[in-house]
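Here is a friendly walk through one model, with a sheet to start and charged pairs to follow. Keep the structure open beside you as you read.

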Amino acid sequence: MLEIWQHKQGIEDVSYEGIKSVLEDHEECYLCGSSDRSLMGYYRNFDTIGLISLNDWYVVDFGLKEYDDQGNPLKSDDAHTFTQMTNTGEVFLMTSGSPDRGMASVDVSLPEDYRPDTQMLQEHLCQTCLDKITDSLKTSKWKYEKKQAIPLCLVDFKTLEIYSLQDGHVGCSIRDYWVDMEYDGEKVEIHAYYLPRRE
């Protein structure tokens, strides 16, 4: 259930709290389970971070580190960069990065008036994971503004913690990673960096 609280200043908080999961088998949860329709089981082998396009559950690894399919770190002696473009049918993503430097960026273009598909989330997430996702969708808007939450979030593949990509957030720290976000209409630009502590 979508709830809106109004403040005296004419600003409203948009929240998706109270949405209940209808997933019966928690092993099929797209985030913490082993559903063959989600790549999270694969990415959980990686000690890094990524992006989830929530409506189609498209998972993007930022590519800040390189791993083999079993999750073993790869060491490369050659500096290289990568660029990948993906169109999920609704969302367009362009990912680029340099793993040896621990830098990556993802540019996301969303359709106009794109909003979270709460029914899809209810059907494919257990209640614990659904609460994490809906908490990340909290945002604010002016009273007469036609604004919806952006159906995107950041994910820590190791801990499965979820981080907000709503336009009130311009940066966040995730363990040894730093992420900057910029927003322009239906476009979100994300820059991620691997910044481990110096020994």
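## Ground rules

Two strands count as paired if DSSP finds at least two bridges between them. Helices (H or I, at least four residues) and strands (E, at least two) are DSSP runs, numbered from the N terminus.

This is a predicted model, in which local features need pLDDT of at least 70 and side-chain atom pairs count only at pLDDT 80 or more, while totals for chains, interfaces and linings use all residues. Residues are numbered from 1 along each chain as its sequence is written, and side-chain values use heavy atoms, with hydrogens and water left out.

In general, strands of a sheet pair through backbone hydrogen bonds, either parallel or antiparallel. Here, six strands make an open sheet with antiparallel pairing, in the order E5-E6-E7-E13-E12-E11. At its edges sit strand E5 (82-87) and strand E11 (171-174), each of which pairs on one side only. From one strand to the next, the twist averages 15° (axes are lines fitted to C-alpha atoms, for helices over the stretch in contact, and angles run from 0 to 180 degrees between N-to-C directions).

For a look at one pairing, follow E5 and strand E6 (residues 92-98): they run antiparallel and are joined by six bridges. Threonine 83 has serine 96 of E6 standing opposite.

## Salt bridges across the chain

How many salt bridges does the count come to? With a salt bridge taken as a side-chain nitrogen of Lys or Arg within 4 Å of a carboxyl oxygen of Asp or Glu, the count comes to six. One of them joins the side chains of glutamate 17 and lysine 138 (2.7 Å, N to O). Glutamate 17 lies in the loop between strand E2 (11-15) and helix H1 (40-43), and lysine 138 in the loop between helix H3 (127-136) and strand E8 (139-142), so this pair ties together parts 121 residues apart in sequence. Lysine 138 also meets aspartate 135 in a salt bridge (3.1 Å, N to O).

Another salt bridge brings together the side chains of aspartate 47 and arginine 175 (2.8 Å, N to O). Aspartate 47 is in the loop between H1 and strand E3 (49-53), and arginine 175 is in the loop between E11 and strand E12 (177-184), 128 residues apart.

Glutamate 17 is partly exposed at 35%, and lysine 138 is partly exposed at 35%. Aspartate 135 is partly exposed at 45%. Aspartate 47, at 24%, is partly exposed, and arginine 175 is partly exposed at 37%. Finally, salt bridges with shared partners join Asp47, Lys65, Asp156 and Arg175 into one network.

Terms used. Buried < 20%, exposed > 50% of the residue type's maximum accessible area, 1.4 Å probe, protein only.
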